Amino acid sequence: MKRFATSLLALVCLAAGGARWLDLVNCTDLATGFSTYGSYWVRYAVVGAVLLLAALASFLAPGRPAALGGHNALQGILAFLCGFGFAALAGVQIGGWAALGWVERILAVLYLVSALWMLLLGRSRFTEEFEAPTGSAVFGVAGTLSLYLLTIQRFCLVPTGIVRVGYTLEALAALVALLFCTAQVKAAYIPGGKSGGWVFFTGMAAFLLCTCLALPGVVCEYLVGQAALAELIQAACIGLVGLSGLAYAFTAVGPAAEEEK
């Protein structure tokens, strides 16, 4: 029943993504980010409603899901894909180093750290018994710093506004990706902690905002020449984080650890 409810919520997120794509194609000025038909509040109401459903569904997850520690091939594969994606993004950024601002240069270096962290995390998910990715959680925290700086960049340095729905969704996507990856680090180093509900909510929120809502916007902008290749790769990396969030959400609603039963 729990997995069925999670599957329905995932379908709702995909439906929201499909609606977002239609909105982008038919009712959005991609050059400015402004909606050309209907109120922008309707768009936010849909996002808020799905996030509320995710928050309610998070109560289905036990405090200590047994499957958050130990072998999980799907989580490992997605972590590897995220690692390769962030490495590619760092390579593209470093390739244009001379034209980058100081924030982008710091991000390029931090993307490399994130890539290495994701690869180590992926390796740890293929062990039969619980094994932390590294001997210290410091490296895991360092692996989230790129998302922390990206969140600051999108909220403070990019000209966002509540009426520019696409830019706001991209900023929110960076924020929830950061929250999910932070929960991911906690689960990797403290698998016995009571974090099931939070892992579920942040994972599903990342899937909604990063994969289903923000990624289509950047794809549309790229197709009409409004976004660069680096922006597309960046959106794809954040979208992969969202897919990883969905995998963790399904894991979080699994059986509880023995000590919690």
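This is a predicted model: local features need pLDDT of at least 70, side-chain atom pairs count only at pLDDT 80 or more; totals for chains, interfaces and linings use all residues.
Residues are numbered from 1 along each chain as its sequence is written, and side-chain values use heavy atoms, with hydrogens and water left out. Local features need pLDDT of at least 70 and side-chain atom pairs count only at pLDDT 80 or more, whereas totals for chains, interfaces and linings use all residues.

Side chains of opposite charge can pair when their charged atoms come close. A salt bridge is defined here as a side-chain nitrogen of Lys or Arg within 4 Å of a carboxyl oxygen of Asp or Glu. The search of the whole structure finds two. In one, Asp23 pairs with Arg20, and the closest N and O atoms are 2.9 Å apart. Both residues lie in helix 1 (residues 2-27), three residues apart, about one turn of the helix. Helices are DSSP runs (H or I, at least four residues), numbered from the N terminus. Asp23 also bridges to Arg43, with the closest N and O atoms 2.6 Å apart. This pair links distant parts of the chain: Asp23 sits in helix 1 and Arg43 in helix 2 (residues 40-57), 20 residues apart. Shared partners join Arg20, Asp23 and Arg43 into one network.

Rolling a probe the size of a water molecule over the atoms shows where empty space is left. A pocket is an open set of points on a 1 Å grid over the protein atoms alone, where a 1.4 Å probe fits, with protein on both sides within 12 Å along at least five of seven lines; lining residues have an atom within 4 Å of a point. Volume is the space filled by probe spheres set on the points.

The largest pocket holds about 460 Å³ of space. Its lining has 21 residues, and Gln153, Val158, Glu170, Glu231 and Gln234 lie nearest its centre. Helix 9 supplies the largest share of this lining, three residues. The lining divides into 11 nonpolar, five polar and five charged residues. Ala, Val, Leu, Ile, Met, Phe, Trp, Tyr, Cys and Pro count as nonpolar, Asp, Glu, Lys and Arg as charged, and the others, Gly among them, as polar.

The second largest pocket has a volume of about 240 Å³. Of its 15 lining residues, Ala19, Arg20, Asp23, Arg43 and Val46 are closest to the centre. Helix 2 gives the largest share of this lining, five residues. By type, 10 lining residues are nonpolar, two polar and three charged.

Key
Helices (H or I, at least four residues) and strands (E, at least two) are DSSP runs, numbered from the N terminus.
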